[in-house]
Amino acid sequence: MVLKQKMRLLTEQKKGLLATNFYNLETLQGVLKAASELEQPLILQLTSSSITYMGLNTAVNSARTGLKDYGVEGWLHLDHGDSVDLAQACLDAGFDSVMIDGSELPLNENIKITKEVVKRAKAYNANVEAELGYVAKLGQSHALHGFTQVAEAVTFVEETGVDALAIAIGTAHGFYKEEPKLQFELLADIHSRISSILVLHGGSGVPAAQLQQAISLGICKVNLATEIKNIFMKTLQSVLKNSEEIDLRKVFPKATNSVTELVKEKLRIMQNN
């Protein structure tokens, strides 16, 4: 099933689809093991920096092989693509989905760049995600609130034909200094007015009850990145603190297992039972 169809089906069922970033073989194995054990689908995400770090073909081949080996229904997605050229390269490399992030551009420019990617993606039957509103990125202020405006969302979707839209309803990338308070009325209003699949960025650290309420009100795709990096590195640091072991094949599995347990917890939330 192509990703667009899967997300529409899950939205109708009021269930979420977890989208996990991976950064190396270990984090890839960690998330895939979780999905395999719970027999749940997921999206594997790569940012531009992860593609640069791993290499495009290496990353794609690792993801495809991993999905097959672990028997997981999954899709490969470009997270926060910052240019049409990068989106095109990922489409050519076989990505199922690409994000073009023009959220910091004026609305008309965001519409223009998104329309171009949507046009290109049609030949690949690939999903396209865009972002509208202010979802603080790493290093940006969490104090600012540029919530997605309903009227702008309606115009944006009508003019671009985008498949999925990441909306700003109170989340931020990275860790929160205080518990986020998602704008559920705004979410429900947007969901009632537009046809695109709704995406929640900044899923790390959002309480389970709020995630599930968001899913019930129309969110489908939920991104998870910061918590994966954090638990992998914190576990690794803890292991190495009291060990002289130099064989990474003995050290890394503990960190990989910590990712698996985290992702299993999040996958259970997605079921919204």
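A nonpolar core is here a set of buried Ala, Val, Leu, Ile, Met, Phe, Trp, Tyr and Cys residues that are joined through side-chain atoms within 4.5 Å. In the present structure, which is a predicted model, the largest such core comprises 73 residues, and the members that touch the most others are Leu44, Phe95, Val98, Leu165 and Val263. Helix H11, spanning residues 248-271, supplies the largest share of this core, namely eight residues. Apart from it lies another core, made up of twelve residues, including Met7, Leu17, Ala164 and Ala166. In soluble globular proteins, nonpolar side chains tend to be buried together.

The surroundings of Val98, one of the residues that touch the most other members of the largest core, were examined with neighbours within four places in sequence left aside. On that basis, Val98 is in contact with His77, Leu78, Ala87, Cys90 and Leu91, as well as with Val117, Asn127, Val128 and Glu129.

Two packed helices are described by the angle between their axes and the distance between the axes. On the side of H2, the contact is made by Glu26, Thr27, Gln29, Gly30, Val31, Lys33, Ala34, Ala35, Glu37 and Leu38, and on the side of H11 by Phe252, Thr256, Asn257, Val259, Thr260, Val263, Lys264, Leu267 and Arg268. Classified by residue type, the contact of H2 with H11 contains eight nonpolar, six polar and five charged residues. Val263, which takes part in this contact, is also among the residues that touch the most other members of the largest core.

Two further positions were considered individually. Val2 is placed in the segment before helix H1 (3-13) and is partly exposed, with a relative accessible area of 32%. Although Val2 and Ala126 are 124 residues apart in sequence, their C-alpha atoms are 8.0 Å apart in space; when residues up to four places away in sequence are not counted, Val2 touches Trp75 and Asn125.

Met54, by contrast, lies in helix H3 (residues 48-54); its relative accessible area is 16%, and Met54 is buried because the cut-off for burial is under 20%. With neighbours within four places in sequence left aside, Met54 is in contact with Phe22, Tyr23, Asn24, Leu46 and Ala59. Met54 and Asp82 are 28 residues apart in sequence, and their C-alpha atoms are 18 Å apart in space.

Methods: Residues are numbered from 1 along each chain as its sequence is written. This is a predicted model: local features need pLDDT of at least 70, side-chain atom pairs count only at pLDDT 80 or more; totals for chains, interfaces and linings use all residues. Side-chain values use heavy atoms; hydrogens and water are left out. Buried means under 20% relative accessible area, exposed over 50%, partly exposed in between (1.4 Å probe, protein chains only). Helices (H or I, at least four residues) and strands (E, at least two) are DSSP runs, numbered from the N terminus. Contact means heavy atoms within 4.5 Å. Ala, Val, Leu, Ile, Met, Phe, Trp, Tyr, Cys and Pro count as nonpolar, Asp, Glu, Lys and Arg as charged, and the others, Gly among them, as polar.
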